[in-house]
Amino acid sequence: MKNKIKNNLRKGQVAIIVMLVSALLVTVGLSLSKKTTVETKIDYNEEALKKAFNAAESGIDYYLATGQKTYDSDDNLSEANVTTENIGDNGSGILDFKEFTPANGVQYFWLVNHNDDGSLGNNYFSGSMITVTHGWTSNYGSLEIGVYYKNALGVYGVKRYGYNFDTSSKVYNFSDLGNVTNVTINPIPSNPILMTVTPIFQGANISISGNGFTFPVQGEKINSVGSAGVVFDGTQEESKINKKLSIERRYKFPYFLLSGIVSETSVLSQ
Amino acid sequence: MRKLIGFILILLSFFFVLDIKVRADCGFFHGICGGTCTGGTCQVEYVNLNCVCVVPPTAPPPTCYKNGRTCSRDDQCCSGYCAEGNCATRPVATNTPTSIPCDIDMNNVCNTPNPDCVSTCMDCDEDYVGARKKFGNCYTTATCRDNLEGPCYVYSNLPDWMNCGYCPPNSNPTPTPFCQQYICYEMNTIEFPYANFGGCASGIGHCDNCGGVDCGTCSGGATTPVPTQASCTPDCINPTVSSCITTTCYNATCLGNCYQYCYGMMPGDCSCANNLCSTQTCTGTCNETCTGQLTCAPTTLDRFEIRRNDGSWSFTDGRSPGRDITDAQNRLHICDSFLSDESPNPRSVVYVAWLNNTNGCGDIDANSVKMKWLGNNAEIAMTKLASYQSGPCAYTATVTYPTDTNIPSAQGFQITMKSISGGVTTDWTTVTPDLKLKVWNCQVPVSGTLYDGSSGQLCPDGGFTTPGNELGFSSLVFDSSSDDITAIVTSPSSYGGVNLIWTKSYLPLINGGIPAGNIDGNLQGSNRVTRVTDLGTGQRLCTSSQIDLWNGQVSPYSANPMAQIDFSFIRDQEAWYQVVGAGVKSRTLLQYGVPVTVLPETSKFLTLGDATRDNGLVSATNFLNINGNNLKDDMGSPNNWYIQQNTNDYDIYNYNYFYNNFYVKAGVGEILTDWSNAEPDNIYFVNGNLNINSNSPVVDPNTQTMIIIVRENITIQSNVTQLDGIYIADGSITAIGDNSAPLTINGMLYAGGSVGLYRSFSDKTVNNTTPAVKVNYSPGLIFNLPPEIMRILSGWKEE
């Protein structure tokens, strides 16, 4: 009697198991089928995005290389439109790149225009003074400022200024100003070309003011919108993907060119 | 008849003869002095009251021979005796001399005619019967009596027939007058005690024959002696009358024949003054003050001189003061050129004493003139110079002092001399002028130190602080025209163990230096400054290279002249570099070498600004001035900015960055394989090391640029004097070697590794003032870069 019951139980278990496995297999099969469908759709979008991105990037490169603001990909499946905007004070007389300059880094404020080819122009900042704002509200540091100019004889020169804004962290023999927000360079040399500002001890959000006088264009911001489209077979659905990239092109040079000798290890004399 | 007369005459003669025989000798006969006195008269002598025969002297010769002297005046001969004044007018002594001794001749005999006598009747002795005796004391004067002077005459036991009565035999009867034996006294004799007795009336003398009651005359009768009143004629002139005058000084008195006071006639004897000077006195035999008979003059010193013993020594200069070369304190020393240079008599001194004597030079005892130098107190006889004996009288002595005589101080002189007249001696006295001589061995111990005066030399202290241990001092020779003296080097910068001769000149030669050339030899320093310190006086002064101790550098009059001779040098500085128009930044160590010796002072900085370019910030984590000045006051001018912290940007630029951004992307630049092919206005890439062995092409920084970017190291050889451009290396940038010209880099240097500026001047002394490497910051090189590489893309944003 007992053996029979066991046999009956064994057969029931098998049926249940079979049913469960069948259900599982059906579920998996159905999901795979769906994923394939979705993935197909995703592939198509990513591809378009990639193309759009590439187009945007290429658009910038193309612009940088040729000056042309429209770009079509070779396979005509993507394109890019480039727009530019000047980087400057927008007539406010305040140059603020809204960027953080780390300690020992250099912020460049051009005081003369650049020609289209990037060479220096002749439109110099006409103000006699420039106010430099460091943006510190606490943890003040020091600023080393250089104003490069070209005198009437065509000789390049530089005037340098140093200020301590903190009472403890100081550069020896910089002028001690205390916790003021800015310092005004007055006068600045005639035919100024460039003002470099290097924060020391603390990074800073540096801006300058022309005290009523505007500054030349500092560069250009290049915006590129790449577009790439795709048509789905079967649905004939057309989808376009846009990708916007922007980049700034300003005029800078390595910091070490502000000094006479710079070594990333040591300067030796013996 | 004739026979009778003759017989009577003969008989009378007989009686006269008898009478004369009775009176052959003088004596008292019946109280009368008489007798026979051959050639003279019998007289009572003064003192003993003897009746003696006094024979008058024969007439003296015209000269006063009695005392054997010749009177200097004709009227001085009085009765054969030299006397003062005219005999007739000789002063007459008064009867009361100024001082009357109580007993003039101390013979217990009162010398005055009327002595003051006090008598007292003696008590009767029970064994004595008779006239009551009288005791009495006689004094020359009442004053003598009152002053309790001793009596000059005491009489006692003399029967006194007056006032003392009679001593009866053991009974006390009332004495009854009775006749007593009488004694006649001569008047006014000592034995006659009754001074007040006026004598007998109508008679002379006094007789007493009745116990003091009578007073009768004694005249009459052959048996009654008739006392004769002594008569006396005072005579103070005739020495036979008043003999005392012959033994009495002319200025003293004596009692003459009548007890009168007579001035003596004995002249005073001033023979004691025979050998005395007129300024001296002595006491003569008559207590007179006798003045010296000699005209004496002391010998005095007019002037004392020190002269050098050379062949030209003489007096012909007329005692010129210039012959005594002394200092303000009248000092001279044996090493002075005045005394030391003469040849062949060094250390030999001639002393000259000029003496005065109002009696002339002949009155100077030539053997008495002596001098002594107080340094050894040796007496030295001075010799008379016969040729100079008119006016001041010259005496001289020559002394040679041994070389080992070394007395620490200048000592003076003394002199003594004597005059012949009167033997007047001038005792040891300091000479005039008060000259002093120091005799010493002329040797001056010397020591000293070499100092590093690179930080500045300003005598007497500046530059004499830091020992010059790095000068490489090894030897020092004091060179002179005769004997060179080698010093002992005792430490890297000190020397000693040497004695210089004070009189000589020396040229110190260091490290093998030569007199006619480089006196400092191979010493690693220049610009010698010599300081001489007189250790005796403390005086310090700087002098030329030549040492002349005698020329005010060392006082010879210090107890032990010693000198410290120090030298200050500007140490040959290590080569150094300078940046004009910018700063210097090192991520770690920054070595520099601005020396303190830079001239002008305005150039003594690591970074300098000029008219168009301000100097900039100097930063590193550690600073080291290899030439010693680590005060950090020389970082820059006008901006002495520095910070001991890394201020390098976080971005590190390397060859690949520039290659990719410039060469690849911007298409700017070219590969350089041969430095000689470099041209201005280019950007060169060197894919490896760059060995720069020639000057770069000239780049106009106002219009051109040049950048050299090297993957590995840049080495700038010693022959390169100018490089223009910006030099960038992933490895190191090194300037090596020596050159007479500096290396000028018109541009900038940037290295991923170290920047080693080891370049030096061939003549290291030029390093003292000039940087061997000068980086002349040229901002124009930046602004003349191709704009392609200036335009940097940043700020990628994806929207």
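Colleague: Is B:Tyr659 buried, exposed or partly exposed, and why?
Modeller: In this predicted model, B:Tyr659 has a relative accessible area of 25%, so B:Tyr659 is partly exposed.

Colleague: And B:Tyr655, buried or exposed?
Modeller: B:Tyr655 counts as buried, because its relative accessibility is 2% and the cut-off for buried is under 20%.

Colleague: Where do B:Tyr655 and B:Tyr659 lie?
Modeller: Helix α6 of chain B holds both B:Tyr655 and B:Tyr659. They are four residues apart, about one turn of the helix.

Colleague: Which aromatic pair is tilted, and why?
Modeller: That is the pair of A:Tyr255 and B:Tyr653. The ring centres are 6.3 Å apart and the planes stand at 40 degrees, so the pair is tilted. This pair crosses between chains. A:Tyr255 is in the loop between β15 and β16 of chain A, while B:Tyr653 is in the loop between β43 and α6 of chain B.

Colleague: Are A:Tyr255 and B:Tyr653 buried or exposed?
Modeller: Both A:Tyr255 and B:Tyr653 are buried. As for B:Tyr655 and B:Tyr659, their rings form a stacked aromatic pair, with 5.8 Å centre to centre and 15 degrees between the planes.

Colleague: How many aromatic pairs are there over all chains?
Modeller: The count is 39 aromatic pairs over all chains.

Colleague: Which residues do ring pairs link into a cluster?
Modeller: The cluster includes A:Tyr108, A:Trp110, A:Tyr148 and A:Tyr156. A:Tyr251, A:Phe253 and B:Phe783 also belong to the cluster.

Colleague: Changing topic: which ring does A:Arg160 lie over?
Modeller: A:Arg160 lies over the face of B:Tyr777, 5.2 Å from the ring centre. Within chain A, the charged end of A:Arg250 sits over the ring of A:Phe97, at 3.5 Å from its centre.

Colleague: What about the interface: how many residues are in contact?
Modeller: In chain B, 76 residues are in contact with 63 residues of chain A. The two chains bury about 6,300 Å² between them, with 57% of it on carbon and sulfur atoms.

Colleague: Which residues of chain B lose the most area to chain A?
Modeller: They are B:Trp641, B:Phe783 and B:Arg791, together 13% of what that side buries.

Colleague: How many salt bridges are found across the interface?
Modeller: There are four salt bridges between chain B and chain A. B:Arg587 forms a salt bridge with A:Glu264, where the closest N and O atoms are 2.6 Å apart. The chains also have 42 residue pairs in polar contact, counting residues at pLDDT 80 or more.

Colleague: Which strand of chain B gives the most to the side that touches chain A?
Modeller: Strand β56, residues 791–798, gives the most, with eight residues.

Terms used. Residues are numbered from 1 along each chain as its sequence is written. Chains are lettered from A and ligands numbered from 1 in the order in which they are written. This is a predicted model: local features need pLDDT of at least 70, side-chain atom pairs count only at pLDDT 80 or more; totals for chains, interfaces and linings use all residues. Side-chain values use heavy atoms; hydrogens and water are left out. Rings of Phe, Tyr and Trp (its six-membered ring) pair if their centres lie within 6.5 Å; planes under 30 degrees apart count as stacked, over 60 as edge-to-face and the rest as tilted. Helices (H or I, at least four residues) and strands (E, at least two) are DSSP runs, numbered from the N terminus. Buried means under 20% relative accessible area, exposed over 50%, partly exposed in between (1.4 Å probe, protein chains only). A charge sits over a ring if NZ of Lys or CZ of Arg is within 6 Å of the ring centre and within 35 degrees of the ring normal. Contact means heavy atoms within 4.5 Å. Buried area is the accessible area (1.4 Å probe) that two parts lose on being put together, summed over both. A salt bridge is a side-chain nitrogen of Lys or Arg within 4 Å of a carboxyl oxygen of Asp or Glu. A polar contact is a pair of N or O atoms within 3.5 Å; within protein, one must be able to donate a hydrogen and the other to accept it, and residues adjacent in sequence count only if both atoms are side-chain atoms.
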